[in-house]
Amino acid sequence: MPLPLEGIRVIANTYTWAGPYAMMMLADMGAEIIRVESIQRWQWNTRGFMARPTKEQAAVLMGPMGAAYPNRDPGPRPWNRHAMFNSHARNKKSFTVDLASPEGVDIFKQLVAQSDAVVENSTPGVMDKLGVGYEALRRVRPDLVMVSSSGMGAAGPYAGHRGFGSQMEDLSGFTWLRCYPDGDPADTSLSNHSDAAGGAGIAFAVLAALHYRNRTGRGQWVDMSQSENLIGQIPDAVMDYTMNGRVQKSIGNRHRSMAPQGVYPSLGDDKWVAISVATDEQWQALCHAMGNPAWAANPRYETSLGRWKNQDELDEGIGRWTQRRVGRETAESLQALGVAAGEITSDAELSGDPHLWSRNFFRMVDHPETGRHWHPGPLWHFSETPVEFRTPPVLMGEHNEYVYKELLGCSDAEYRRLEETGHIGMDFVPEVV
Amino acid sequence: MELALGDLKVLDLTHFVAGPACTKLLADFGADVLKVERLEGDPARNLGPFFRDRPHPDQSGVFLHLNTNKRSITLNLKSRAGAQLVEELARDADVLVESFRPGVMEGLGLGYDTLRSINPALVMVSISNFGQSGPYRDLPGTDLVLYSMGGPMQSNSKVGEYPVRLPGMVTQMHAGYVAAVATLMGFFGSRYKGIGQHIDCSIFESQAMSVDRRLTGLLTHQYHGEIVPRSDVRGAGYPQGVYPCKDGYVNVWGGLQFFPLTARMMEMPEMADDPHWATRDAQLDSQRKDEFDVIFLPWIIERTKLEYLQMARRAGLLSGALFTVEDLLQDPHYQARDFFPEVDHPATGPVRYVGPIVKMPASPAGFRAPAPLLGQHNEEVYHGQLGFTKADLVRMRRMGVI
């Protein structure tokens, strides 16, 4: 059976997380995703944090996430071995071209002429400056769909604004709503949820615009602002302001109407359990699980309003109970009584999660430069066209022959010339460190 | 004007947040979304915040946002007649989205096998806490609990402190976005390749598969077995991290290789290559960092958020500011992009809403209609579309079907 997106070719000029994550979604359902890479320049925070870290840097300086290589060994081609890339790079293709040269621009345009969509997440203006902006590309492919994703969008006073995902979260009002409620916002650690949300927004936009093209024959250029896309996920706070003039602040792990809800200490170092109580029955069930302690029998806690008003006391009492118990056992005893509860999982704990394993979430992948490992898998389950890892995480330049010879019709001699002029390769030039 | 998804017909059996967030994206970009509500209405109608803080089923801000551009009919799914009406409507739909607890649709006689026999090309999308199978299938979940189990919550914290979740309903909203992508892919399979199918979306897995640290973390664990520790919330170099300013807080990324740009922004260019401040060793020295704060704090505290952003942009620095919701609504950038358009609803009058997630100029998304009143389209659908007489409608209402 064909996959839903088979026959759709997307050229992906994407880096870091949001764009590549969107491309993973489309690749998993059969779109041909061709990554555009360059052996002349390092793409920031995409195939790792450095092109060629030494073993010593990987062992000592970079920390577990920075040195996310098998056995912390960067190997001869570290860019093919980093988890921040390999975790979403299955089912994709990659070719290399130097877009900074006129010849590279010409090659890129020839490829776009044979493609349905281009997705890119450079700072607004960069593609235009290179000569591969929408106006230039639509001349070679009039019905092209192009999605440009940037931090603040391509138009407006802050169009050129530069920042990482975490700073887009600041400018979306998101950080302000998620910091410690009673603390200094300077203590707020980074989050990159805007990349996850942005990935979904980009993939949605590509498909919606392609469907429009299929129906009307008209392509278009889509302007995606990661910050706007993320504001779409906090409408409750926005509506509270536009309807009531209220400027919401963080309430931490609490809920705006139900209580108790929180994260409580568990037995062990840095172990926590989350508990949410929505109804009177669930409160009674929690009391039962705690062994009906005398403090919980207070009539003030019988109604949801009473619990909400007295949540400081409740949190203290619940914390006294949870801190003597293993988090997983606390969660399971509450779940069995119909109360929502769960451990705050580490990557190690989630890697052993029985539910994920029962749903065929982890997939064994044999990768030519990293070996055999279990990789995180499908984002959803399709009954007729299940997500499969048809090809392992893509090596840089792995599909140069396919793109240059099969798609663009280069002769062997021409291919060799493009290797010599720095377009084609599987290794960064030595100057890239 | 032709809308991007103008020929997509969605039968929407979802309620609360995640499901309606999925169908909202489809509706905003042109899909005809028919929302089937139980007789007492989608329980999201009871979610605050409410217009002028007055609880009312037509004045929930959450409901009003999530259901723009949809039509609403009421239907008692538990009655046999009600289930038959769903079958009738599914015959003509491209996509059916539902968010009941796993097993409920089968119990109503509306499982995928039944629906497929009625409409083989139908795409059925089921959104649930933990998915349609597996040991957690029937567990209760909330935004907090699903994020804590599936997401990278452990690293949202400082050393020695409890972890903090993402705000509001973000875990469910995000699952809705992810499900909307799955829905469109299923629709492509159906429309262009004739494949009908059932898609199982788990909110838990939308976090376990989140590119926000979790994906990297899971594979990192396979690669070298270590766990990523709590990070230093401020990061390396200086000035770096969140600082107070004149009217709030800014997020500064001005250390290490960016330090010379910072020095010029502060109009103290002599610092740019002063070895006391600018070398890599100095930048990584935590005492030097404290020493620099003595210069930087008085400088930044004189600036507002917007002043700092502008200066940082000019200097070529990456920057952020902790906008409040009020900042968002008053900001010239979002205003210039018309990102908070007014929507006029009969129960509230005009109110500003969050706009569509992307700008698609040839087929612009937007607000054709506000969220529906409960059962607002009963007559249009049952009489106009399905051909029941007005007398039938009266009878159905009396029997508690609609």
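**Salt bridges, a helix and a surface patch**

In this predicted model, A:E32 and A:R9 are both buried residues. Their side chains meet in a salt bridge, with a distance of 2.4 Å from N to O. Over all chains, the structure holds 60 salt bridges.

B:D58 forms a salt bridge with B:R45, and the closest N and O atoms of the two are 2.8 Å apart. Here too the pair links distant parts of the chain, at 13 residues apart, although B:D58 and B:R45 both lie in the loop between β2 (32-37) and α2 (61-66) of chain B. Are these two side chains buried or exposed? B:D58 counts as buried because its relative accessible area is 16%, where buried means under 20%. B:R45 is buried as well, because its relative accessible area is 2%.

A further salt bridge joins the side chains of B:E87 and B:R80, at 3.4 Å from N to O. Elsewhere, salt bridges that share partners join A:R215, B:E2, B:D7, B:D94 and B:R191 into one network. That network includes residues of chain A and of chain B.

The charges of chain A can also be taken as a whole. Chain A carries 41 positive and 52 negative side chains. The centres of these two sets lie 2 Å apart.

The overall build of chain A comes next. Its secondary structure comes to 20 helices and twelve strands, and its C-alpha trace spans about 85 × 50 × 45 Å along the principal axes. Of the 433 residues in chain A, 63% count as buried. Among the contacts in chain A between residues at least 6 apart in sequence, 68% join residues that are at least 24 apart.

One helix shows how buried residues are placed within this chain. In helix α13 (residues 280-289) of chain A, the buried residues are A:Q282, A:W283, A:A285, A:L286 and A:C287. An α-helix has 3.6 residues a turn, so residues three or four places apart point the same way. Which elements do the buried residues of α13(A) pack against? They pack against β8 (272-276), α14 (304-309), α15 (311-322) and α16 (327-335) of chain A. Just after α13(A), A:G291 takes a positive phi of about 85°.

The last stop is the surface. Chain A has an accessible surface of about 15,100 Å², and 51% of that area belongs to carbon and sulfur atoms. A:W357, A:M364 and A:W374 form a nonpolar patch on the surface, and together they have about 260 Å² of accessible area. Of these residues, A:M364 lies in strand β10 (residues 363-367) of chain A. Why does A:M364 count as partly exposed? The reason is its relative accessible area of 33%, because partly exposed refers to values between the limit for buried, under 20%, and the limit for exposed, over 50%.

Key: Residues numbered from 1 in each chain as written. Chains lettered and ligands numbered in written order. Predicted model: local features only at pLDDT ≥ 70, side-chain atom pairs only at ≥ 80, totals over all residues. Heavy atoms only, no water. Patch = residues over 30% accessible without salt bridge, like charges linked within 9 Å, V, L, I, M, F, W, Y side chains within 5 Å. Areas by Shrake-Rupley, 256 points an atom, 1.4 Å probe, with all protein chains shown as cover. Salt bridge = Lys/Arg side-chain N within 4 Å of Asp/Glu carboxyl O. Helix = DSSP H or I, 4+ residues; strand = E, 2+ residues; numbered from the N terminus. Buried < 20%, exposed > 50% of the residue type's maximum accessible area, 1.4 Å probe, protein only. Contact = heavy atoms within 4.5 Å. Lys, Arg positive; Asp, Glu negative; His and termini not counted. Charge placed at Lys NZ, Arg CZ, Asp CG, Glu CD.
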